[in-house]
Amino acid sequence: MKTIKLALATVIVMSLVIAAHTVATAAHSAATTTAQQSQDTTDPSLQHYLNVDSVNQVIIVQHTDSTYVDVQLWIKDRSGNTPAWDIDLSCRGYIGEKGMGKTRQGDEKTPIGDFGIITAFGIKPNPGTTLPYVDVNEYIYCCADPVAYNRIIDVRKVKHRCRGEHLINYNPQYNYGFFFDYNKECKRGKGAALFFHCVGKYPFTGGCVAVTEENMAALLCAIDINARLIIRGSDAPMGH
Ligand SMILES: [Zn+2]
């Protein structure tokens with residue numbers, strides 16, 4: 001009887017040793033993964049927002065060439081002792097036909113900078129984002145008139161003959177999108193209706209940033225209202 005108990009105890013001890021070893025191995029591989037990813041997180045915007053408590057997602061748009069950009073979504077991982085950035089999505093995107101560096105309305109360029117999110121919107125129903133979501137119907141415009149320059153409005157509430165963008169006409173581009181705060185002071189002539197939206201039939205936009213509809217829905221579902229959008233230029237030549 002004693003022998004059997006001892007054997008059982010040995011098995012239990014051995015099991016604990018094996019379990020402990022498995023945990024140690026798992027911890028080691030997690031550390032390795034973090035170390036590999038940290039090589040990519042030396043980006044100055046990621047480093048800055050790592051220590052800004054309210055910001056949990058950063059979208060980086062980097063111009064590559066022509067009207068192409070690399071789009072990366074980074075999500076803050078708070079599971080460790082110190083926060084870290086994990087990459088959640090990486091895809092190609094498209095910018096204005098005339099490239100980067102928007103300064104005025106109609107220049108067909110995409111603005112460079114660090115932007116906040118105003119609202120999500122779409123012709124299609126909310127794909128599951130927690131962002132405020134404007135369901136686009138025939139009354140929704142992004143105004144370009146003095147009454148509400150660079151604001152998404154419902155013309156039943158802001159009554160005027162609006163000459164801004166009639167969002168419902170941009171299908172499939174505005175199936176899903178979000179409005180970011182370029183020209184948040186709403187200065188007339190500086191540019192209005194700068195969006196992140198779905199790509200249409202051309203590999204460029206009128207100054208917005210576009211990705212596939214699938215990636216647009218994924219971005220909307222992953223970000224909150226405090227996410228940051230970083231758009232960076234390059235010296236790459238333009239032309240298709
Ligand atoms: Zn208007």
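## Strand β4 and strand β12

The structure is a predicted model. Strand β4, residues 113-122, pairs with strand β12, residues 228-232, in the antiparallel sense, and four bridges connect the two. Within this pairing, F115 has L229 of β12 as its bridge partner.

## Further partners of β4

Strand β4 is also joined to strand β9, which covers residues 177-180. The two run antiparallel, with four bridges between them. Here A120 is found opposite F178 of β9.

In general, the strands of a sheet pair through backbone hydrogen bonds, in either a parallel or an antiparallel manner.

## The sheet of β7, β6 and β8

Which strands make up the open sheet of three strands, and in what order? The order is β7-β6-β8, and the pairing is antiparallel. Its edge strands are β7, at residues 152-154, and β8, at residues 165-166, each of which pairs on one side only.

Strand β6 comprises residues 140-142 and is paired with β8 over two bridges, again in the antiparallel sense. Which residue of β8 is the bridge partner of C142? The partner is E165.

Definitions and conventions
Residues numbered from 1 in each chain as written. Predicted model: local features only at pLDDT ≥ 70, side-chain atom pairs only at ≥ 80, totals over all residues. Pairing = 2+ DSSP bridges.
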